[in-house]
Amino acid sequence: MDPNMVNAGEMNGSGNLMDFLDEPFPDVGTYEDFHTIDWLREKSRDTDRHRKITSKSKESIWEFIKSLLDAWSGWVVMLLIGLLAGTLAGVIDLAVDWMTDLKEGVCLSAFWYSHEQCCWTSNETTFDDRDKCPQWQKWSELLVNQSEGASAYILNYFLYILWALCFAFLAVSLVRVFAPYACGSGIPEIKTILSGFIIRGYLGKWTLLIKTVTLVLVVSSGLSLGKEGPLVHVACCCGNFFSSLFSKYSKNEGKRREVLSAAAAAGVSVAFGAPIGGVLFSLEEVSYYFPLKTLWRSFFAALVAAFTLRSINPFGNSRLVLFYVEYHTPWYMAELFPFILLGVFGGLWGTLFIRCNIAWCRRRKTTRLGKYPVLEVIVITAITAIIAYPNPYTRRSTSELISELFNDCGALESSQLCDYINDPNMTRPVDDIPDRPAGPGVYTAMWQLALALVFKIVITIFTFGMKIPSGLFIPSMAVGAMAGRMVGIGVEQLAYHHHDWIIFRNWCRPGADCVTPGLYAMVGAAACLGGVTRMTVSLVVIMFELTGGLEYIVPLMAAAVTSKWVADAFGKEGIYEAHIHLNGYPFLDVKDEFTHRTLATDVMRPRRGEAPLSVLTQDSMTVEDVETLIKETDYNGFPVVVSKDSERLIGFAQRRELILAIKNARQRQDGVVSNSIVYFTEDPPELPPNSPHPLKLRRILNLSPFTVTDHTPMETVVDIFRKLGLRQCLVTRSGRLLGIITKKDVLRHMAQMANQDPESIMFN
């Protein structure tokens, strides 16, 4: 008999869960797919590993260097994540820019230039026609040598739709064939993974590659979606890839989740050019377990990612985002009223969007619609392209639209939104233009924006959740920015024409620049994004990092809080929580309150009338008995008791580890046969002289499983599951085992109490 196996179970007296360090067989401590990790056990294993490294580091210089490398590995992983996430974000931005313009025309001097880059390099560009240069040709000019007229318009229209369909078809085919997990925004799944659930392949290399490529395609196709949410998924894939290179993270699921939390921060950092907003987003919105150490590492990863993106400079404006703005006028107290109204609009839009989108996604899951994902994408893309092309505000990419809506009208702006009637005797500094009456261009822009707003609201409901990468941040911001800009122009014209009203008299004299419509667009964007995702702190920080507007924090805060209050009045769930529930992921939300007066005995299994609990005894079962029990049941683990009669609890053994231990013993140990006795005690039981070798499995026994009594209130049990991240909890009375409560039992019970179908909780 292998002496290692006999001595394997000797516990040191420090009360640690398992002496797992020199693992006697591989794969112990890993988890099956779609199972929940045991946070307590992972933490304990990491403590043991750390203790061993520290004690060894005093033995030799080499061991000391190894301990230093181990301590630094966390920072190295963060550096690598930041570099890769920043690089990928820069490449995606550049590719999207080029492919979006490809739908309208091509650069003759270098086909890989976007419209803007093409005209930058041209010497024949004038300031007034800075978008026109001979090197850039629309498809109609290139193919039929006409730039104006009905035939040119129809040809451009047709090619716009054709390119959009090509991009979308290619994207959905790649996702379907190579990486089904690359669809959607990825944030609901990442929240679930960070709460301790295992979804193998969700953060794999194929998912990373396909999501990066298809993200470029779908954003370029002009669909109503953004790249910001998926960039968080991409960054987490980078985090998972780099953590698999270091055994400290690859062998410990709890530690791996710390890396993924920091990667999520890096993802938001490059998506919005908002490093601090990214850290707060990870803390407020995605992470489940966020120790202080992870906060610093997230900060570092976000910093490196933002720095990398800034080095690539994808937009050529030395900024991290397309819609960077600077406003020159302060805001006034009277403007808080329209800001709060925008907050109310954001909350109502958030509620409407979540309800309609979830209803549509549920329909997709339960009807034949779900069987034709490619057709669905093609149809939605065709509808989007056909309706979007005639309206200049929906034809361009959504990021450019937001950029234009945020913009303050300077003297050099050529946008329709800035077509005001100028006073001929105006002699004022360029950046402080007084309020002016709106010209015909502004009125045209207003009704075009109103149509674009209705279109965006409707089409986004059907787009989010299709089998392609799709983010929600940008469409939500676009809806809010359009509404906000329209309100802003309304307030501006009101102030201009009625400056003698009491509300305007104090702060808006004739000839002064009082109202900035772009600021209203920014506040509206924040309100709508808050209404959909229910973010507050991180949202405000992201918005002011995006726009560089520090003095506008109060309007942003007012709008964000109002939109959250209004949306919460109709339902507490944000879009990500709603999708988690729709997909049936086992996610215990920290924000949910459990207020029912039930006890552990009401939830534990077995219930009255059910078969008794499947248990192992400490020294009276044979290998064959254990194998039969494993074969006939599908439980994740089994409580170990002294005997079937006494039912005094000793510990808990995981199913996977039992299977591995028995398989390993049969291969390596002589004399272990089907009728060998399995024992979990320190000393082998007394056996008759000719009996086969017993098998000692104390090594895999968890001697301190979490237990509660049968009269523990469920409120406490739910809290324990949430805060300690348990997989299961045993129910005892006076040391006797009565039953077991698993995380899924808790989720089922919570669904039942909320009058939902308890079976909808299972991962589907």
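These legends accompany close-up views of a predicted model.

**View 1. The domains of the chain.** The domain assignment divides the protein into domain 1 (84-312), domain 2 (337-422 + 431-583) and domain 3 (600-754). If you are finding your way around, note that the centres of domain 2 and domain 3, taken over C-alpha atoms, are 55 Å apart.

**View 2. The largest cavity, between domain 1 and domain 2.** Both of these domains contribute lining residues, so the largest cavity lies between them. Its volume is about 280 Å³, and the structure holds six cavities of 30 Å³ or more. The lining has 25 residues, and V96, V219, S397, T398 and S399 are the closest to the centre. Helices α3 (61-102), α8 (205-220), α16 (392-395) and α17 (398-406) each provide at least two lining residues, with α3 giving the most, four. By class, the lining holds eight nonpolar, eight polar and nine charged residues.

**View 3. The second largest cavity.** Here the space amounts to about 70 Å³. Twelve residues form the lining, and K227, E228, A271, F315 and V321 are the closest to the centre. Eight of the lining residues are nonpolar, one is polar and three are charged.

**View 4. An open three-stranded sheet with the order β10-β11-β12.** The pairing in this sheet is mixed. Strands β10 (707-709) and β12 (736-742) each have a single partner strand, so one side of each has no neighbour in the sheet. On average, neighbouring strands are turned by 35° against each other, direction ignored. Three bridges join β10 to β11 (residues 728-733) in the parallel sense; look for T707, whose bridge partner in β11 is L730. Helix α28 (residues 714-724) lies across β10, β11 and β12 and runs at about 60° to β12.

How values were computed: Residues are numbered from 1 along each chain as its sequence is written. This is a predicted model: local features need pLDDT of at least 70, side-chain atom pairs count only at pLDDT 80 or more; totals for chains, interfaces and linings use all residues. Side-chain values use heavy atoms; hydrogens and water are left out. Domain bounds come from an automatic or database domain assignment. Two strands pair if DSSP finds at least two bridges between them. Axes are lines fitted to C-alpha atoms, for helices over the stretch in contact, and angles run from 0 to 180 degrees between N-to-C directions. Contact means heavy atoms within 4.5 Å. On a 1 Å grid over the protein atoms alone, a cavity is a set of points where a 1.4 Å probe fits but cannot get out, and a pocket is an open set with protein on both sides within 12 Å along at least five of seven lines; lining residues have an atom within 4 Å of a point. Grid points are joined across faces, edges and corners, and a volume is the space filled by probe spheres set on the points. Ala, Val, Leu, Ile, Met, Phe, Trp, Tyr, Cys and Pro count as nonpolar, Asp, Glu, Lys and Arg as charged, and the others, Gly among them, as polar.
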